[in-house]
Each structure stands twice: as structure tokens, then as C-alpha cells.
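Hi,

Here is the structure for you to look over. My notes on its charged pairs follow below.

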Amino acid sequence: MRGGGQLLRDATPTRNDAGQRALLADLYVQKAEALKLRQPDAARAAVEAALAIDRRHAGALALKQQLLPATRPKTVPGR
């Protein structure tokens, strides 16, 4: 996966080729999926890289929601 992503990033026409951009964004999402349990910070970075390529990528947006840090419920003093 690393070699394929590098090849796509290095390709000159990538910025103008929607198919290559979509494929690269998909690769970043796959990478994030693989990392999400062991390395959530790295997974978040991969999701952000995918969204930098395609800000409306459905898989990246869904994964971003899954990777949000869990917020603890606020406690009310005296209860």
C-alpha cells in the first residue's frame, strides 16, 4: 500500500485527475481503518490526508466521526 500511495502522490497529473485523487483518498481511508485500533492518532492523520484530497469523501467523513475522542459526560457538583 505504501508504494502505491507514493506512486499516486508523485504522479504529476494527480491534481487534475479525479480518478487518481479518489483512489488516493481511498488508500488513506484504508490505512486509517488498519490503524484505528492500535494507533488512533495516526489513523486521524490518514483521515485528514484523505479529506485534504476530497473534503466530501464519505468513508473519510464516517471514519472521522468514529475516531473522535470520546467525551466524558459532565458531572454536576453535589450530585
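This is a predicted model, and it holds three salt bridges. Side chains of opposite charge can pair when their charged atoms come close. Here are the pairs, in order along the chain.

E33 and K36: their side chains meet in a salt bridge, at 3.2 Å from N to O. E33 is partly exposed, with 39% relative accessibility. K36 also counts as partly exposed, at 24%. The cut-off for buried is under 20%, so K36 at 24% does not count as buried.

D41 and R44: this salt bridge has an N to O distance of 2.6 Å. Both residues sit in helix 3, which covers residues 40–53. They are three residues apart, about one turn of the helix. D41 is exposed, at 61% relative accessible area. R44 is partly exposed, at 28%.

K64 and E48: the closest N and O atoms of this salt bridge are 3.4 Å apart. K64 belongs to helix 4 (residues 58–66) and E48 to helix 3, so this pair ties together parts that are 16 residues apart in sequence. K64 is partly exposed, with a relative accessible area of 33%. E48 is partly exposed too, at 40%.

In brief: D41–R44 lies within helix 3, whereas K64–E48 links helix 4 with helix 3.

Best wishes

Technical notes
Residues are numbered from 1 along each chain as its sequence is written. This is a predicted model: local features need pLDDT of at least 70, side-chain atom pairs count only at pLDDT 80 or more; totals for chains, interfaces and linings use all residues. Side-chain values use heavy atoms; hydrogens and water are left out. A salt bridge is a side-chain nitrogen of Lys or Arg within 4 Å of a carboxyl oxygen of Asp or Glu. Buried means under 20% relative accessible area, exposed over 50%, partly exposed in between (1.4 Å probe, protein chains only). Helices (H or I, at least four residues) and strands (E, at least two) are DSSP runs, numbered from the N terminus.
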